[in-house]
Amino acid sequence: MRLSSLVFPLLGLALLALVLAQADLAQLLTHVAQVGWRSFALICALFLVYFAADVANWQAALPSLPRTPRWFARLWLVRMIGDAYNNVTPTAALGGEAVKGWLMKRRYDVSWRVTGAGIVIARTSTMFALILFAAIGVLLVWRRPSLDAAQQGYALATFAVLVIATGAIFLVQYLELSSRLARRVGASRWGARLLRVVGAVEDLDRRLVAYYREHRVGLAASIGWALVAWVLGAVEAWLVLHALGLHTSFADVWIMEAFVQTVRAASFFIPAGLGAQEAAIYVMVDWLAGAPAAGFATALVRRAREVLW
């Protein structure tokens, strides 16, 4: 077993334990008890719409597949299985992608390379959409007088890191830097053993660049669906907070969700963002509503929805 298979889950559990140690358990249980079955059912129903937008994002990133309800249903099933695998295994959110590739090949005879390119494009679109979503969050932070300069600076720094990281990921794809590195490795004395890997990397880069240059409408659709999903995530957070008795404005919820999702994206190596997501929600609800126990209750309700799904 790789060291990361233990270290990253343990890191998540440590973060979770740290947040739990700060919470008032009596208030936490009181808040959770306020969420009735109707509210929880509505939260779960909203997630179905969120997931549909996520699937539409992936479908837009696969231009060679038909845009039919049948293929949408197939992608829904494959994505659901792959995402579940990502959430329950310590594979740095990558094991589920291999499962998706295997299912697409085994069930629907779609090549690994087509599926792989679609996954990379969909993830990149999701990050571009997160930049748009987080940018609005930063603007809302600066318009909120109750947040001090340090908190505003932290929000801006987090956003800057997101933009730089996403830009770097896109440039690696668009400039075919992976292919260049693979060719250098291929020219070394070990190159003969890696010819298939070099060929696969070059083919992936060609598919990515071709998509970005020739399918700009599809790329815009992919980013648009991803942005819809982020907004629906904010709506879900708003519903959870209101079910807990916190009548927070949607602007504040947008700020919270932008920060939480940026933190979760940065902690992709922790299975399901365990601990990182809870800590981010805990901090943001404390900052915006002064109710840390409600923050942890919000995190628990969202985790319960994830487990059920």
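I take helices to be DSSP runs of H or I with at least four residues, numbered from the N terminus. I note that the model is predicted.

**Entry 1: Arg305**

I looked up Arg305 and found it in helix α13, which covers residues 292–308. Is Arg305 buried or exposed? Its relative accessibility is 6%, so Arg305 counts as buried, the cut-off being under 20%. I then checked its partners beyond four places in sequence: Arg305 touches Phe40, Ile43, Cys44, Phe47 and Glu236. With Glu236 there is also a side-chain to side-chain polar contact of 2.8 Å.

**Entry 2: nonpolar cores**

I next turned to the cores. The largest nonpolar core holds 58 residues; Trp58, Leu65, Leu75, Met104, Val110 and Phe133 have the most contacts inside it. Helix α6 (residues 112–142) contributes the most to this core, with 11 residues.

**Entry 3: helices α11 and α12**

I examined how α11 (residues 250–266) packs against α12 (residues 276–289). The angle is about 155 degrees and the axes lie 9 Å apart. I therefore class α11 as roughly antiparallel to α12, since angles over 145 degrees count as such. The crossing of α11 past α12 is right-handed. Which residues meet here? From α11 I noted Asp252, Ile255, Met256, Phe259, Val260, Val263 and Arg264; from α12, Ala276, Gln277, Ala280, Ile281, Met284, Val285 and Leu288.

Methods:
Residues are numbered from 1 along each chain as its sequence is written. This is a predicted model: local features need pLDDT of at least 70, side-chain atom pairs count only at pLDDT 80 or more; totals for chains, interfaces and linings use all residues. Side-chain values use heavy atoms; hydrogens and water are left out. A nonpolar core is a set of buried Ala, Val, Leu, Ile, Met, Phe, Trp, Tyr and Cys residues joined through side-chain atoms within 4.5 Å. Buried means under 20% relative accessible area, exposed over 50%, partly exposed in between (1.4 Å probe, protein chains only). Helices (H or I, at least four residues) and strands (E, at least two) are DSSP runs, numbered from the N terminus. A polar contact is a pair of N or O atoms within 3.5 Å; within protein, one must be able to donate a hydrogen and the other to accept it, and residues adjacent in sequence count only if both atoms are side-chain atoms. Contact means heavy atoms within 4.5 Å. Axes are lines fitted to C-alpha atoms, for helices over the stretch in contact, and angles run from 0 to 180 degrees between N-to-C directions. Angles under 35 degrees count as roughly parallel, over 145 as roughly antiparallel, 65 to 115 as roughly perpendicular and the rest as oblique. A crossing is left-handed if the near helix is turned anticlockwise from the far one by less than a right angle, and right-handed if clockwise.
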